[in-house]
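Here is a short report on one protein chain. Please look over the sequence and the structure before reading on.

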Amino acid sequence: MGVAQRPEVLPAIGSDLRVALALGERALQVNGDLQTARRWFDAAYRQAELCGDPIALGVAALGLGGVWVHEHRTCAESEMVRARQRHALSLLDPASPLAFRLRVRMRGEEDYRAGGHEAIMGLLRQARNSGDPLALAEALSLAHHCLLGPEHGAARLELARELIGQAAVTERTGDLMMGLLWRTVDLYLAADPHAERCLEELRGRLHANTYLAAGYVVNAIDVMLTIRAGRFGEAEQLAGECFERGVAAGDMDATGWYGGQLGAIRWYQGRAAETLPALQDLVSSPTLSPIDNSYVAALALASATAGDRRSAAGHLARLRGRDLGDLPRSSSWLVSMYCVVETAHLLQDAATAAQAYALLSPFADLPVIGSLGVVCFGSVHHALGMAALTLGDLERAVGHLRTAVQANLALGHWPAAALSRCRLGQALALRDGPRDEAALAEQVAAAREAKELGMVLPAVVGRADGGRRVCRFHRQGRHWQVELGGRVTLVEHSVGMAYLAALADNPGREILAVDLAAGTWSRGAEDVSAQPVLDDLARDAYWERLAQLQTEIDELEAMNDLARVAALRLEHEWLVAELSAATGIGGRSRPFAGNEERARIAVGKAIRRALSRIAAVDPVMGEELRATVQTGLRCSYRPR
């Protein structure tokens with residue numbers, strides 16, 4: 001049965017006890033089935049107590065620890081396992097290999113709970129000199145657990161490589177799987193461009209030998225990569241399936257990881273406020289790691305996003321404690337800091353933003369990844385840019401956010417790239433003015449990307465606009481660029497969009513519906529006779545241009561010049577849409593001849609359709625405009 005089942009570890013014992021230990025070892029080291037392993041080792045421990053066999057008792061107590069640290073999350077279970085391990089250790093020869101392995105496990109657990117690593121690293125050095133391959137493999141993996149903070153990336157990779165090599169000596173499947181898994185996770189945490197190669201190697205091993213503990217983490221990484229790709233619906237489905245596999249594997253992180261994955265999806269969808277009930281349950285869940293503060297930070301952010309500033313400030317204060325720098329550097333620390341920065345921005349808490357900026361600066365070139373590749377929020381440069389933006393340091397904010405866009409593109413994290421581009425445009429607008437070409441270009445590009453991904457981009461906080469958030473419309477060919485409170489989106493042209501643009505150009509002014517319909521509002525006329533949306537001259541010019549375009553398109557298609565054909569077709573389609581909107585049956589211009597009621601109905605319907613189009617792209621902007629645009633015989637836009 002390999003090195004793990006040496007005769008000196010398992011002397012002659014009762015057959016039931018031997019079977020329980022063997023099945024526990026197989027479940028843990030061959031199948032990665034944590035739940036089954038716990039049951040068998042628990043049964044073995046009870047039988048060993050009855051038999052009075054200290055060695056079997058020690059093996060069972062060691063096996064109860066599992067492969068991860070802190071596998072037993074409730075206080076009752078955790079203390080029971082610790083007590084069993086202490087009891088077993090007290091019965092063993094202190095110089096025996098089994099006693100040393102128990103000390104390694106117990107010190108690793110203690111270091112992890114304290115957020116440290118000194119004791120386990122000391123025992124790792126002893127394990128290298130002990131000549132015991134099992135003790136060394138276990139010490140390597142436990143030390144890796146205790147070095148998951150962002151400052152230990154290089155050290156972790158060395159431990160993972162050493163564990164992979166050590167697996168050839170122990171001949172245990174679990175050691176090889178854990179080594180490959182740790183190396184895969186480390187490469188993703190370091191934003192290594194070749195991380196997926198290691199992931200594929202691990203997948204191949206898992207295909208040949210199912211190891212549930214590692215397979216579950218691979219499933220979680222798949223969810224993270226799907227969110228990066230912006231496929232939110234697929235990611236949500238995969239997250240549900242991943243949760244079920246985690247439960248089946250007996251992984252206590254299943255609930256927390258599922259919550260984190262849904263939280264990331266909702267954040268990029270602009271629906272973070274919806275996660276409040278789940279987060280309120282999660283922050284008090286005993287299944288969370290004792291050094292994981294990311295859910296309190298996420299609760300603060302969700303509260304701030306929902307507009308509950310008091311609760312957000314309270315959660316942020318709870319997280320800060322005496323000093324934000326005291327938070328343990330766990331595998332979720334970067335996610336916690338990301339949420340802290342975003343919350344500080346929404347609350348305009350400059351002091352917290354400044355402290356977070358200082359703490360995050362050494363890790364600027366890393367991605368914000370939670371736990372073992374469960375979720376990713378893009379480059380740390382984005383968080384640094386948001387902190388600088390909150391502090392009013394616009395030059396530094398622009399620099400970080402511009403770098404964040406490129407870093408997120410390199411990660412293949414399209415939602416994070418769109419969000420960073422949006423924030424870059426907002427920072428440029430604050431620095432150089434809202435009409436700055438570079439600012440508008442970034443915001444338009446971000447709006448286009450967000451629309452494709454199904455995202456809702458956030459508004460900028462702290463813009464000085466005289467206390468009112470005024471909407472602005474700009475025509476761009478067949479689309480309208482709509483800006484409101486730092487949000488920018490693109491909406492297809494329609495007659496109703498043109499009406500809204502007219503109202504937005506005259507905030508607070510009432511315009512007769514009949515004037516909007518006739519296009520005469522700018523003249524200040526209150527009473528007009530029959531006035532077509534397009535006069536005969538304009539209509540004839542449109543038809544002439546359409547004929548000219550069709551001739552050019554036919555010639556270019558014959559020449560196979562598809563690029564120029566595509567450009568001309570856009571203009572052709574726009575002209576057709578204009579004529580369709582402005583003419584009645586038979587191409588006759590649609591009149592609104594002195595009939596105010598007809599104009600009221602037609603204009604109202606057109607504006608409501610336009611508002612629905614805006615809301616479909618950006619619900620926040622749509623809701624604001626619906627509350628501030630009034631229709632009727634007289635129409636107006638009254639920004640709040």
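A residue is called buried when its relative accessible area is under 20%, exposed when over 50%, and partly exposed in between. Cys-242 has a relative accessibility of 2%, so this cysteine counts as buried. The model discussed here is predicted.

**Overall make-up**

The protein chain has 28 helices and eight strands. Of its 640 residues, 54% are buried. The accessible surface of the chain comes to about 26900 Å². Carbon and sulfur atoms account for 53% of that surface.

**Confidence**

How far does the predictor trust the model? The mean pLDDT of the protein chain is 86. A value of 70 or more is reached by 87% of the residues. Where pLDDT is low, the predicted coordinates should not be read in detail.

**Selected residues**

| Residue | Relative accessible area | Class |
|---|---|---|
| Cys-242 | 2% | buried |
| Cys-635 | 1% | buried |
| Ser-141 | 9% | buried |
| Trp-40 | 32% | partly exposed |

**Cysteines**

Cys-635 has a relative accessible area of 1%, which is under 20%, so Cys-635 is buried. How many disulfides does the structure hold? The count is zero. A disulfide is a covalent bond between the sulfur atoms of two cysteines.

**Ser-141 and its surroundings**

Ser-141 lies in helix H7 (residues 133-145). Its relative accessibility is 9%, under the 20% limit, and therefore Ser-141 counts as buried. Which residues does Ser-141 contact, leaving aside neighbours within four places in sequence? They are Val-67, Leu-163, Met-178 and Trp-182.

**A nonpolar patch**

Trp-40 lies in helix H2 (residues 34-51). Its relative accessible area is 32%, between the limits of 20% and 50%, so Trp-40 is partly exposed. Together with Val-19 and Leu-23, Trp-40 makes a nonpolar surface patch of about 230 Å².

Note on methods: Residues are numbered from 1 along each chain as its sequence is written. This is a predicted model: local features need pLDDT of at least 70, side-chain atom pairs count only at pLDDT 80 or more; totals for chains, interfaces and linings use all residues. Side-chain values use heavy atoms; hydrogens and water are left out. A disulfide is a pair of cysteine sulfur atoms within 2.5 Å. Buried means under 20% relative accessible area, exposed over 50%, partly exposed in between (1.4 Å probe, protein chains only). Patches are made of residues with over 30% relative accessible area and no salt bridge: like charges are joined within 9 Å, nonpolar side chains (Val, Leu, Ile, Met, Phe, Trp, Tyr) within 5 Å. Accessible areas come from the Shrake-Rupley method with a 1.4 Å probe; for residues, only the protein chains shown count as cover. A salt bridge is a side-chain nitrogen of Lys or Arg within 4 Å of a carboxyl oxygen of Asp or Glu. Helices (H or I, at least four residues) and strands (E, at least two) are DSSP runs, numbered from the N terminus. pLDDT is the predictor's confidence in each residue, from 0 to 100. Contact means heavy atoms within 4.5 Å.
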